[in-house]
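Please keep the viewer open as you read.

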Amino acid sequence: MRPPTQPRHVLLTADAVGGVWTWAIDLATALAGRGVATTLAVLGPPPDAAQRRAAAAIPGLTLIETGLPLDWVEDDPARLAAAGRRLASLAASAGVDLVHLNSPALAAEAAFPVPVVGGCHSCLATWWSAVRGDAPMPEAFRWRTAMLAEGYAACDRLIAPSAAFAAATAERYGVRVEAVHNGRAPAAARSATGRDAVVLTSGRLWDEGKNVAGLDRAAARMVRPVRAAGPLTGPGGAGVALAHAVPLGRLDAAALREALDRASVFASLALYEPFGLGVLEAAQAGCALVLSDIPSFRELWDGAATFAPVDDAAALARTLDDLLADPDATAALGRAAAARAARFTPEAMADGVLAVWREVLADRAACAGAAA
């Protein structure tokens, strides 16, 4: 039978720990409106009750909690290779047309029965370069990087969420990577209540690449408060302690939306950020954005954000306090951010991803036709 050129059923991988879950849920929702069914295979810790409810609300989505390891915390390469083979078996039994691996290292030693697209959301090598510079990578990073390189080579196509990260990945691994911007479903319109003169940040606070420690140092010098939403410890044991910013803990979606609606400024001083869904959510909420001057943020938010130094706590504190002291400027910057955020929708993301998937399937069909 000639392979399809239009995907009808795809296998997506995700984890329930970070932004890939949000990406997968928004994409699967948009795909359902296009008649594409999704099998969502979850790696690592199981989804919580709210995440299961979100998945259950998507027509045509089948949620499978695989119990398979996450590539970025698993310390046994044999277990990762076995996980890839298990996913290949799952793809065969589910009868999907295409697999989209958001952990492309799992393709390294697996023979998938259908085309495989790799999602390049982040990687240890590019993280290390951005955060630690030229220092030698530890052995645990080196073997994971080698396995990821094999996985990238095994994929039919690779997608990254920004052109900046696509370029960084291509340079590091010598592969072709296409950029498809992430999209996010905006929350409901906020009420007409006023905003607080506070700075908010959110995300995986424990991740050194997010540089929450830099924002905490600035908070020590500020008149206005800084609040930080998200976990302080990660699944691999990494953690951060906040001495000056106010930790809000892990917030559910409704509580985070409320915090964004109340905050005047959202700050991300990330050293490493391939896209930044938290920044997009803040922009959708109309927060003024203060961001680190890194290539991905420039690509996405130039002209709609203030870019601040990450290595000068005093200058950063002045930037944030001056902005909070000027409600008109803050409101104008928030409007600019919201207008820019309107570009990054799940529908636009689905269009871009589907275009790549169709090209991959068409290539496979053409090869099958030539071999017939």
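Predicted model: local features only at pLDDT ≥ 70, side-chain atom pairs only at ≥ 80, totals over all residues.

Residues are numbered from 1 along each chain as its sequence is written, and side-chain values use heavy atoms, with hydrogens and water left out.

## Sheets

Let us begin with the strands. Helices (H or I, at least four residues) and strands (E, at least two) are DSSP runs, numbered from the N terminus. Two strands pair if DSSP finds at least two bridges between them.

Threonine 13 stands opposite alanine 41 in E2.

Another open sheet has 6 strands, ordered E10-E9-E8-E11-E12-E13, again with parallel pairing. Here strand E10 (246-249) and strand E13 (306-308) are at the edges, each with a single partner strand, so one side of each is left without a neighbour in the sheet. On average, neighbouring strands of this sheet are turned by 30 degrees against each other, direction ignored. Strand E8 (residues 196-202) pairs with strand E11 (residues 263-268) in the parallel sense over 3 bridges, and valine 199 stands opposite valine 265 in E11.

## Helix contacts

Axes are lines fitted to C-alpha atoms, for helices over the stretch in contact, and angles run from 0 to 180 degrees between N-to-C directions. Angles under 35 degrees count as roughly parallel, over 145 as roughly antiparallel, 65 to 115 as roughly perpendicular and the rest as oblique. Contact means heavy atoms within 4.5 Å.

The axes of helix H4 (residues 124-132) and helix H5 (residues 139-154) cross at roughly 135 degrees and come within 9 Å; the two helices are therefore oblique to each other. Leu124, Ala125, Trp127 and Trp128 of H4 make the contact with Phe141, Arg144 and Thr145 of H5.

The axes of H5 and H6 cross at roughly 105 degrees and come within 11 Å, and these helices are therefore roughly perpendicular to each other. In this contact, H5 gives Thr145, Leu148, Ala149 and Tyr152, while H6 gives Thr169, Arg172 and Tyr173.

On a 1 Å grid over the protein atoms alone, a cavity is a set of points where a 1.4 Å probe fits but cannot get out; a pocket is an open set with protein on both sides within 12 Å along at least five of seven lines, and lining residues have an atom within 4 Å of a point. Grid points are joined across faces, edges and corners, and a volume is the space filled by probe spheres set on the points.

A search of the whole structure finds 1 cavity of 30 Å³ or more.

| Space | Volume | Residues nearest the centre |
|---|---|---|
| Largest cavity | About 70 Å³ | Trp23, His121, Ile159, Ala160 and Asn182 |
| Second largest pocket | About 330 Å³ | Thr126, Ala130, Phe165, Ala168 and Tyr272 |

Strand E6 (157-160) and helix H13 (346-371) are the elements that give two or more residues to the lining of the largest cavity. For the second largest pocket, those elements are H4, helix H6 (163-173) and helix H10 (295-301), and the largest share of its lining, 5 residues, comes from H6.
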